[in-house]
Amino acid sequence: MAKRNPSIDTKNLTAVQLMELDACVRCGECVKWCPTYAASGEKPGLAPRDKILRWRQYMNKSYGLKARLFGPQEIPISELEEFKDDVHGCTTCGICSTVCEAGINTVELWESMRANLVKKGIGPYGKQNMFPKLIGQYRNPYMKDQKDRLAWVPPDVKIEDKADIVYFTGCTAGYNQLALAFATSRVLNKLGIKFAMLGEDEWCCGSALIRTGQAHINNVPYELAKHNVEAIQKKGAKKVLFACAGCFRAAKVDWPRLLGKELPFEVVHVSEFLAGLIKEGKIKWEKSINKTVTYHDPCHLGRHVGVFDAPRYVLSHIPGVKFVEMDRIKEFQRCCGAGGGVKAGLPDLAMAVAESRVKDALDTKADILSSCCPFCKRNLMDGRDSLKVDLVVEDVIELVAEALNLETK
Amino acid sequence: MVYFSGLSDALRITFVQMMILSAIAIVIFLYGMIITLQKWGSGATGYALEPQEGKRGSAITFLKTWWKQVTEKSPHGHGKPILEILILDILFQRRILKRSGLRWVMHILIFAGWMTLFALSGLMFSVELTHMIGIELPFTPHMFREWLSIPNYIFGYILLIGVLIAIVRRLFVSEVREASIMYDWVLIGVVFLVTISGFLADGIRTGLIWDFGLDPSLAPPAALFHSVISLLFCIAFIPYSKYIHIIAIPLALLANKGGE
């Protein structure tokens, strides 16, 4: 009788991650806090605890004691397909990791499971499978021409050819959420900060591919990271500013990992940069905003890399801003719903999560819901529009621009 | 009544027989741990890597990968010092305290009770062994056991209270009960059984509180039962059940630098 092979392999799952599956004691904290589980109406498969349970069962069926003695137990493809759907119903927000009493790094576990299944030909989810082709071909996920990377730049913005600082716009701000790009560039000019940009040499950060388990397809994220780092170095930059939380996280965490070495420059989120300037007294405000503002922590800026205070510092120093906090903030904030490929793959789920977050903001009675990520801004605006409520959604950098009497169009 | 275990006065368990039972339990435990470490070791040695094609999982691979992750810098740029993790996260279990005071109390009671009783049992065994191989100590094994009777009782009650909180919570808190599976029930069930059997065995022997009016001649079989199921469920059973978390969680916390 032919020896049966296990139905699953362990590609992309590290030995430590396999151990983490046995570390879960099923306390259920992750389930209480998971934004997609809540927004889905508590669909059992989306609960982080149950994803871990299932993969542990798959491992035991394939490599455990019974498998050793009697051969691996088959896991039907339909079951793996269902698991794939559930593991992709996650924005990789990381709150499960924050509350996990066993200290499991759940975000990387989900990403590893996704990559494992994609390699098996199961997944990713829906339109996410377009990412490698789009980003590989166009160098951005929006099918825009790379030549138009700087098409948004207005005549009044001065960009250096080379400078100590490079402003990395990111695909979403550079092609879609242009107000952020206008705001960031004008603010830097106003503050006398010389900066360069990469133009058509700015390629996608690769985050969308890495988060959806597709980093291995044609090695696209590695090529993106390598190219971006070389392009930044050619500009002579010592520091790279990011106004997008996703790009910032990719540069800070993913690029060094992909390239296997530390980056030859510092990566800074624009909120951190501005907070530093405010502390040095280098910002002379010109206009009072006179609004109540609440702040949504982008997952990739907050939980993933620990930047919570800088945006708050900036907001609370903008004249006229009355800053109020939502109920769930900092490491316990509720995700906007867009990340992890969910906006592309499961737009209804992304919308439901966004609506929950907008409702959190409405509870504060704030006039403005602010954030530090164009992708959060996009999804929160969609959530607001879906709820048909009156709430302005503006990035922190846009409010800074306003307070410096700068246009964001 | 003098302490001994066995089916009856005539069929007392000897030290050597107990040693054999212990060795069997340890062998079962070690076999389970080897399979578990090999299962873990079937994973890749680093982020985004693949395990070697055609190669069986290796315990050494797991240990090397784990150690590498413990000692390398966190890619996220944050992480706690090892000593802080050992004391505050592993011993003090602050990650549980941050989430729920009640669950922290429950688990700390179980943890402190179980670990201390395990250590005290180990100490009594060591003294017994030392005596058996002819090394003279300033006290006899019987005297040592009597000295430890109060700590055994104290930590036995600590464990029991923790276990009872766990059982009540799992039975009467609906969200916990509805989420429970056999994997959960078995662990709390066996811990409860071992704890209660210990109290019963000693109670029947001493005639104090836990005797329930039972015949003292039942004390040796009760002690034997407690010894055997302790060896079975507190040592042998670890790798085959949810008990594995007592090994996996400290390793996970260290590897992930205290967690997010």
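Reader: I am new to this structure. What counts as a helix here?

Author: Welcome! A helix is a DSSP run of H or I with at least four residues, numbered from the N terminus. Keep in mind that this is a predicted model. As a case, Cys34(A) sits in the loop between helix H2 (29-33) and helix H3 (35-39) of chain A.

Reader: Is Cys34(A) buried or exposed, and how do I tell?

Author: Look at the relative accessible area: under 20% means buried. Cys34(A) has 9%, so this residue is buried. Setting aside neighbours within four places in sequence, Cys34(A) is in contact with Leu46(A), Pro48(A) and Ile95(A).

Reader: Which residues does UniProt list for "binding site"?

Author: The UniProt record lists Cys34(A), Cys90(A), Cys93(A) and Cys96(A) under that heading.

Reader: Where does Cys93(A) lie, and what is it in contact with?

Author: Cys93(A) lies in the loop between helix H6 (77-87) and helix H7 (95-99) of chain A. With a relative accessible area of 5%, Cys93(A) is buried. Leaving out neighbours within four places in sequence, Cys93(A) is in contact with Pro35(A), Cys299(A), Arg303(A), His304(A) and Cys335(A).

Reader: Let us turn to chain B. At what angle do helix H2 and helix H11 of chain B pack?

Author: The angle between two helix axes tells you how the helices are set against each other. Helix H2 (residues 59-71) and helix H11 (residues 245-255) of chain B pack at about 45°, with their axes 8 Å apart. H2(B) and H11(B) are therefore oblique to each other.

Reader: Which residues meet there?

Author: From H2(B), Phe62(B), Trp66(B), Gln69(B) and Val70(B) meet Leu251(B), Leu254(B) and Ala255(B) of H11(B). The residues of this contact comprise six nonpolar, one polar and no charged.

Reader: Which residues of chain B does UniProt list for "transmembrane region"?

Author: An unreviewed UniProt entry lists residues 15-37, 104-127, 147-168, 180-201 and 221-240 of chain B. For each span, you can check the helix content and the distance between its ends. Residues 15-37 of chain B are 100% helix and 0% strand, and their end C-alpha atoms lie 32 Å apart. For residues 221-240 of chain B, the figures are 80% helix and 0% strand, with the end C-alpha atoms 27 Å apart.

Definitions and conventions. Residues are numbered from 1 along each chain as its sequence is written. Chains are lettered from A and ligands numbered from 1 in the order in which they are written. This is a predicted model: local features need pLDDT of at least 70, side-chain atom pairs count only at pLDDT 80 or more; totals for chains, interfaces and linings use all residues. Side-chain values use heavy atoms; hydrogens and water are left out. Axes are lines fitted to C-alpha atoms, for helices over the stretch in contact, and angles run from 0 to 180 degrees between N-to-C directions. Angles under 35 degrees count as roughly parallel, over 145 as roughly antiparallel, 65 to 115 as roughly perpendicular and the rest as oblique. Contact means heavy atoms within 4.5 Å. Ala, Val, Leu, Ile, Met, Phe, Trp, Tyr, Cys and Pro count as nonpolar, Asp, Glu, Lys and Arg as charged, and the others, Gly among them, as polar. UniProt positions are given in the numbering used here, feature names are shortened, and annotations may be inferred rather than shown by experiment. Buried means under 20% relative accessible area, exposed over 50%, partly exposed in between (1.4 Å probe, protein chains only).
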